[in-house]
Amino acid sequence: MSDTPSFGDLLVEFSKDAFVGRQEQLELFEKALTATRPPFLILDVSGQGGVGKTTLLERFHRIAREHNALSVLTNEDHVGVPAVLATFARQLAEAGHPCKTFDERYRKYRELKEQVEADPGAPKGMLDFALRSATRIGLRAVKKYVPLAQEAADVLLTPDAEDRFVEETGAMAGYIARKFTNKDERVLLLETDAELTRHFLTDLNHHAESRKAALLFDSYEKTAPMLESWLLDLLGGKFGPLSGNARLVIAGRYPLGQPWLRYRQATRQVELQPFTEAEARDYLARSGITEEKQVQTMLTLSRRLPVLLALLVSAPGETPGEVAGDAVERFLQGATPEQREWALAGSVSRFFNQDILAVLLGPEAAKPAFEWLSEAHFVRAGERGWAYHEVVRTLMLKYLRARSAQQCEGLHSQMAAHFQRQGEALGLAEEKRRRDAQWHDLNALRLYHMWGFNPAEALPQTLMGFLEAHDIDEVTHRVSYAQMLRQAGEELGRTEVREWAERLSHLTELPNTDTPATQRQQALAALKAVCEFDRLPVWHQAQARRLLGRAYYRLKDYPAALADFSRAVELQPDNGYNYQWRGSTHYELKDYAAALADFSRAIELQPDNGYNYRWRGLTHYELKDYAAALAD
C-alpha cells in the first residue's frame with residue numbers, strides 16, 4: 001500500500017497552516033475529547049457574522065477525526081429533524097461508521113411520506129407539522145378528538161397539547177389511522193422526529209462505545225426554531241439515553257437562551273471576537289503580505305474580521321494607494337467591469353442560480369456570470385442554490401444602493417416579479433393558496449424583494465402573508481416570514497421594520513399556560529399591534545382577531561377570548577371558524593345556549609366540518625339532550 005498521502009490529505013494539511021488564532025478554543029475542544037472529566041458537554045459558540053464560527057467548527061470537525069472521534073456537522077442547509085439526522089448518518093457512513101438501524105427506518109419513512117404526498121385524498125399541508133408535533137400529542141387527545149379504534153389510538157404516545165391536536169393534527173392523524181393498518185407505519189408517520197431519533201441513537205451509541213462523538217450545529221440562529229425543542233428533548237433523554245461520550249457544539253450569532261439554563265453547569269460559553277492585531281498580522285504574513293502600508297490598509301478595511309481579511313487576501317491586484325471608504329472596491333479590484341456588475345447585481349438575491357442571474361442580468365450574461373460567481377471565494381453552495389457570505393453580501397448590497405438607489409430598487413422589483421410569476425404558476429385559488437406551503441415559500445421571497453423597492457406596501461402584505469401562514473400547520477413558514485422581515489430591517493436600517501420583525505418573532509407559536517410570563521406578554525402585545533394595524537383587508541383583520549382570541553383561549557382567559565372572537569364574527573360574519581371558536585369559548589364559560597347557537601351557525605356555513613358537529617354534540621350532552629348529542 002502506498003505511503004503517498006492523497007490530494008485531500010494534503011489539502012487538510014495546507015488548511016491547518018492557514019488557520020490562525022482561536023488557540024484557546026481549539027485547546028478547549030481538544031481537551032473535551034481527551035480529558036477524563038471534560039471541560040464541557042455543551043460548547044456554546046457565539047459571535048457576529050464573519051467572525052469565523054463556521055471555520056472554527058470545520059476545524060473542530062477535523063480535530064475530532066484526528067483523535068479518532070465520531071464527528072458530524074450540520075447547518076442551515078438541513079431544515080428539520082429528519083434532514084439533520086439523515087445528514088449525520090451520511091457523514092458517519094462516509095467515515096466508516098454506517099447507521100444501519102437508522103438508514104432502514106429512514107428509508108421506510110421516505111417511502112411512506114411519498115405515498116401520503118401522492119394521495120389526492122390526504123389532508124394537504126399537514127404532514128410536516130404532524131411529523132414534528134405528534135410526539136407532543138397525548139393518547140387522551142386521540143381518544144377525545146378522533147373516533148378511532150383503540151389500536152389506532154395507540155400510535156400517539158405522549159401526554160400534552162390537546163388543544164393543538166384538535167386544531168392542527170386531527171385530520172392527519174385520522175387519515176393515517178384509516179389508511180395505514182400497520183402500527184409501526186403509523187408510529188413512523190405520526191412520531192417521525194421521535195422515532196427516527198431513537199433509531200439514530202441506537203447506532204450512534206453503538207459507535208460511541210469506545211470513542212468520543214462530536215455533534216456540531218452551525219448557524220443555530222437560523223435553525224433554532226426547528227431544532228431547539230428537539231435538542232432539549234434529546235439531552236433530556238426523551239428519546240432514550242445519549243452516550244456519555246457525546247459532546248455538542250452549537251454555534252450562532254447569539255448565546256443560547258433561557259431554555260438552556262437547565263444545562264448551564266455542563267455548558268461552556270465562548271464568544272468569538274475579531275482577530276487581535278497580532279493574529280490579523282500573522283494571517284496576512286502567512287498569505288505573503290508583509291509590506292507595512294499594505295498591511296495597514298487591509299487591517300483598516302477588514303476591521304480584523306476574518307471573513308473580510310480572507311476576501312482581501314484573495315482579491316487580485318495591488319492595494320490602492322488611497323483607500324475608498326468601502327471594502328467592496330478592494331474585493332472587486334482586478335475583476336473586469338462586467339464581472340463587477342455581475343457581483344453587485346447578484347448580491348440583490350439572498351441566493352442565486354443561473355435562472356435567478358438570468359432575471360438580474362439577462363439570459364445572455366447568466367451562464368458566464370454563474371460560472372464566475374459560483375467559484376468566487378465569498379460564495380458557497382447550499383441546498384437552495386449559491387449564496388454570498390452574509391457579511392460580504394451586506395457590504396455589496398449597501399455599496400450598490402449607495403451607488404445607485406434606482407438600479408438597486410429596479411433589481412429588487414425584477415426579483416419580486418419573478419417570484420410573483422412562480423407563485424401564480426402554481427395555479428391556486430385564493431383559499432387553497434393560503435394553505436399551500438410552496439406558495440408561502442415563494443411569497444416570502446417575493447416580499448423580501450418588495451421591501452427593497454416599495455416598503456410602504458411591503459408591510460401590510462408581509463402581515464397578510466404571516467397571518468395566512470397561521471392557516472397552515474407549518475411553523476417553518478411563519479418563521480421564514482419573521483426572519484425575512486428581520487433581514488430586510490437590518491439592510492434598510494429602519495427601526496419600524498425591526499420592531500415589526502421582533503413582533504412576528506414572538507408569534508411563530510401562540511402562547512399557552514406553559515409559556516413563560518415575559519414571552520406571553522410579548523406575544524399578546526404583538527398580536528394586539530397586528531389587530532390595530534389599519535391597512536389589512538377584512539379577512540386578515542378577522543384572522544388577527546381570531547389569533548388573539550385563540551391565544552387568550554389557550555391561556556384560559558375566556559372572557560378576553562370571547563371579546564376577540566366576537567369581533568372576528570363582526571368583521572367576517574360568513575366564516576364558520578369564527579363561530580366555532582366563539583362557540584367553544586361559550587362552552588368553556590358554560591353558556592351552553594350561546595354555544596349551541598354558534599355551533600349551529602358554524603354548521604350552516606361549514607356543513608362538511610366535523611368539528612362543528614362534535615362541539616355541538618358535546619354541548620347537547622352537557623344539556624342532557626342525549627338524542628341530539630348522539631345525532632351530532
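Leaving aside residues up to four places away in sequence, Gln 91 touches His 61, Arg 65, Ser 71, Val 72 and Leu 73. The model examined here is predicted. Within it, Gln 91 belongs to helix H4, which spans residues 81-94. Its relative accessible area is 11%. Because buried denotes a value under 20%, Gln 91 counts as buried.

Gln 522 is part of helix H27, formed by residues 517-532. With a relative accessible area of 32%, Gln 522 is partly exposed, because this value falls between the limits of 20% and 50% that separate buried from exposed residues. The C-alpha atom of Gln 522 is separated by 6.5 Å from that of His 506, a residue 16 positions away along the chain.

In soluble globular proteins, nonpolar side chains tend to be buried together. The largest nonpolar core in this model has 108 residues, and the members that touch the most others are Phe 29, Phe 60 and Met 396. The greatest contribution to this core comes from helix H23 (residues 437-451), which supplies 8 residues.

When residues up to four places away in sequence are not counted, its contacts are Phe 40, Phe 60, Ile 63, Ala 64, Ala 214, Leu 216 and Val 249. Another core, of 47 residues, lies apart from the largest one, and its members include Val 72, Ala 173, Ala 194 and Phe 239. Val 72 also links back to the opening of this account, as one of the residues that Gln 91 touches.

How values were computed
Residues numbered from 1 in each chain as written. Predicted model: local features only at pLDDT ≥ 70, side-chain atom pairs only at ≥ 80, totals over all residues. Heavy atoms only, no water. Helix = DSSP H or I, 4+ residues; strand = E, 2+ residues; numbered from the N terminus. Buried < 20%, exposed > 50% of the residue type's maximum accessible area, 1.4 Å probe, protein only. Core = buried A, V, L, I, M, F, W, Y, C linked by side-chain atoms within 4.5 Å. Contact = heavy atoms within 4.5 Å.
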